Amino acid sequence: MSIGAGAGITQSFGDLAKHDYGLAGYGSFDYLFTPFVSLGIEGQMGEINGGDIYTDPYSRQFINSYKAISINGKLSLGAVIDYGRTGFANAIKGLYVGAGAGVLMNKMRFVQRYDLNNPDYIFPGKDSSNDLLVPLNIGITFNFMDRYGYSKYGINFNYQANVTLGEGMDGYDDSPLKFKSGKPDIYNYFSIGLKYHFGSIGLSTKTLY
């Protein structure tokens with residue numbers, strides 16, 4: 001098993017033209033069926049931002065102080081390649097891909113210039129909402145041995161594309177139909193984190209060593 005924590009940067013890809021950045025942190029717990037196949041749970045908390053009241057044609061801007069929880073499965077390259085204790089294959093055996101499902105909990109704050117005389121004025125949507133979430137992961141973990149020769153510590157670099165099944169991420173779900181793109185809202189999450197492995201080690205044809 002392993003626990004992890006880290007932080008990174010979000011970037012929004014919603015219905016607003018400007019895809020802004022925010023900060024977010026995460027915590028995770030994973031059960032490793034083998035050293036390179038895992039299933040775990042991840043929680044995130046931070047901000048997703050987008051829009052600009054001065055450049056958006058309808059003066060829209062949002063700050064989403066979000067929380068998210070998801071279940072993720074991951075498959076690392078070490079499960080399908082041969083590698084030794086040294087060399088390039090050994091260095092990249094922690095490269096992985098993964099996917100999962102979860103819930104995005106939106107908490108909106110809108111920055112907007114109110115112009116009720118404008119016929120194209122867009123009222124903000126809901127202040128809070130929940131959307132189904134499909135996280136897609138690609139990353140790499142570098143593990144380090146302790147003084148007893150066990151790989152208990154790791155550093156993780158992860159890119160996560162989060163596809164939301166709803167319109168709540170940017171808060172403008174009540175906009176007139178003509179302003180809707182028909183595409184799902186997405187936010188990217190680039191993170192760096194630390195992992196600690198613990199618990200008993202089972203039997204596997206693949207090892208980290």
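Reply: One aromatic cluster is made up of Tyr153, Tyr196 and Phe198. This is a predicted model, in which local features need pLDDT of at least 70 and side-chain atom pairs count only at pLDDT 80 or more, while totals for chains, interfaces and linings use all residues. Residues are numbered from 1 along each chain as its sequence is written, and side-chain values use heavy atoms, with hydrogens and water left out.

A pair of aromatic rings is described by the distance of the centres and the angle of the planes. Rings of Phe, Tyr and Trp (its six-membered ring) are paired here if their centres lie within 6.5 Å, and planes under 30 degrees apart count as stacked, over 60 as edge-to-face and the rest as tilted. The structure holds eight such aromatic pairs. One of them joins Phe142 and Phe157, and because the ring centres are 6.3 Å apart with the planes at 75°, this pair is edge-to-face. It links distant parts of the chain, since Phe142 belongs to strand β6 (residues 128-145) and Phe157 to strand β7, 15 residues apart; strands are DSSP runs of E with at least two residues, numbered from the N terminus. Phe142 is partly exposed, with a relative accessible area of 32%, and Phe157, at 34%, also counts as partly exposed, where buried means under 20% relative accessible area, exposed over 50%, and partly exposed in between (1.4 Å probe, protein chains only).

The loop between β7 (151-165) and β8 (186-197) is where Gly166 is placed. Gly166 counts as partly exposed because its relative accessibility is 26%. Leaving aside neighbours within four places in sequence, Gly166 is in contact (heavy atoms within 4.5 Å) with Asp131 and Asp185. The C-alpha atoms of Gly166 and Leu132, which are 34 residues apart along the chain, are separated by 7.1 Å.

Conventions
Helix = DSSP H or I, 4+ residues; strand = E, 2+ residues; numbered from the N terminus.
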